[in-house]
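Subject: Structure handed over

Hello,

Here is the structure for you to look through.

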Amino acid sequence: MKSIKELEEIRKKTLDTINIRRDRTGTRIVVGMATCGIAAGARPVLLTVMDEVKKNNLSDVAVAQTGCIGMCRLEPLVEVYRPGEDKVTYVKVTSAKALRIVNEHVMQGKIVDEYTIGAEDK
Amino acid sequence: MKELSLHILDLVQNSIAAEATLVELSIEEDFIKDLLTIDIVDNGKGMSKEFLQKVKDPFVTSRTTRRVGLGVPLMLAACKQCDGDLEISSELNVGTRLKAYFKHSHIDRVPLGNMVETMISLILCSTYTDYLYKHYIISKAAETFEFCFDTREVKQVLGDDIALSEPDVLNWIKDYITEGLSNIGGGV
Ligand SMILES: Nc1ncnc2c1ncn2[C@@H]1O[C@H](COP(=O)(O)OP(=O)(O)OP(=O)(O)O)[C@@H](O)[C@H]1O
Ligand SMILES: [Mg+2]
């Protein structure tokens, strides 16, 4: 049985490491979570992004949500903000696409062109 | 939507948008009455009487990005399709309550689905909102089983320095809810 006691241990462990990662470079990954996004599959996308960020120890990356951006037919939408770079909007994102976005764009700085909104419009 | 848990995720987004600091979610599966009830109570900014009367209409929304609001009408349709209904009450500056009913065994009722993913998503979506999630099962033999998860309790242990969105904390929450729900046999 999961216990609050374990949570105490997590607290201690996390407090020890928290100071080390104050060096947030400020990359933000934002997932659209309005009705249109959720119906199109935003929940697994959000959780995949979170898991991948955790798995790779990307403690400088923040994962967040936003409402409807007004492009419902292109949902699920994911936006990546890297400091000093233009925002990149990915469309019709799946969990598989989300993995590439984190691994290639967020971690290596290489935009996954074929999933971007620009590629969709062509 | 494919799961009721996705409707829940979506409707609680309305509470978050209404700046609720506490959302109380209760799910009751009553096998005696053959009734599934989803009750969402928030302390957000609420709706005026006039707005509330129109809120089940898809052309009513406070969105600016599109002219229709889909969340409430979709849930209403899901309820109606299963001999159920959706009741909404609200008071400006006090909060809002949504109560959705379904015939539990109705052939068209989509499964409750993954409540663990919904709760984790909600915590990620808004760490300043507290969630109280209660899940009740009333068995055919009239036994009641209950599971309860309260982010305020978790925050109390963690203190101010550690956010609920910390990966290790989220993992603990994931396991805690998974285990709790499977103990009561809920979520079908
Ligand atoms: N819990 C709530 N508290 C306050 N206002 C609410 C609440 N739920 C709904 N509303 C109001 O009702 C409107 C319609 O809600 P609904 O979920 O149907 O659509 P939406 O949120 O506007 O858009 P969508 O859900 O399609 O992304 C909202 O825009 C909001 O003004
Ligand atoms: Mg909504």
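Which residues line the largest cavity? They are A:Ile4, B:Cys148, B:Phe149, B:Asp150, B:Glu153, B:Val154, B:Trp172 and B:Tyr176. This is a predicted model, where local features need pLDDT of at least 70, side-chain atom pairs count only at pLDDT 80 or more, and totals for chains, interfaces and linings use all residues. Residues are numbered from 1 along each chain as its sequence is written, chains are lettered from A and ligands numbered from 1 in the order written, and side-chain values use heavy atoms, without hydrogens and water.

On a 1 Å grid over the protein atoms alone, a cavity is a set of points where a 1.4 Å probe fits but cannot get out; a pocket is an open set with protein on both sides within 12 Å along at least five of seven lines; lining residues have an atom within 4 Å of a point.

The whole structure has one cavity of 30 Å³ or more. S6(B) gives the largest share of its lining, three residues (strands are DSSP runs of E, at least two residues, and helices of H or I, at least four, numbered from the N terminus).

The largest pocket has a volume of about 840 Å³. Of its 37 lining residues, the closest to its centre are B:Gln13, B:Asn14, B:Ala17, B:Ala18 and B:Ser62. H1(B) gives the most to this lining, with seven residues.

Regards

Key: Grid points are joined across faces, edges and corners, and a volume is the space filled by probe spheres set on the points.
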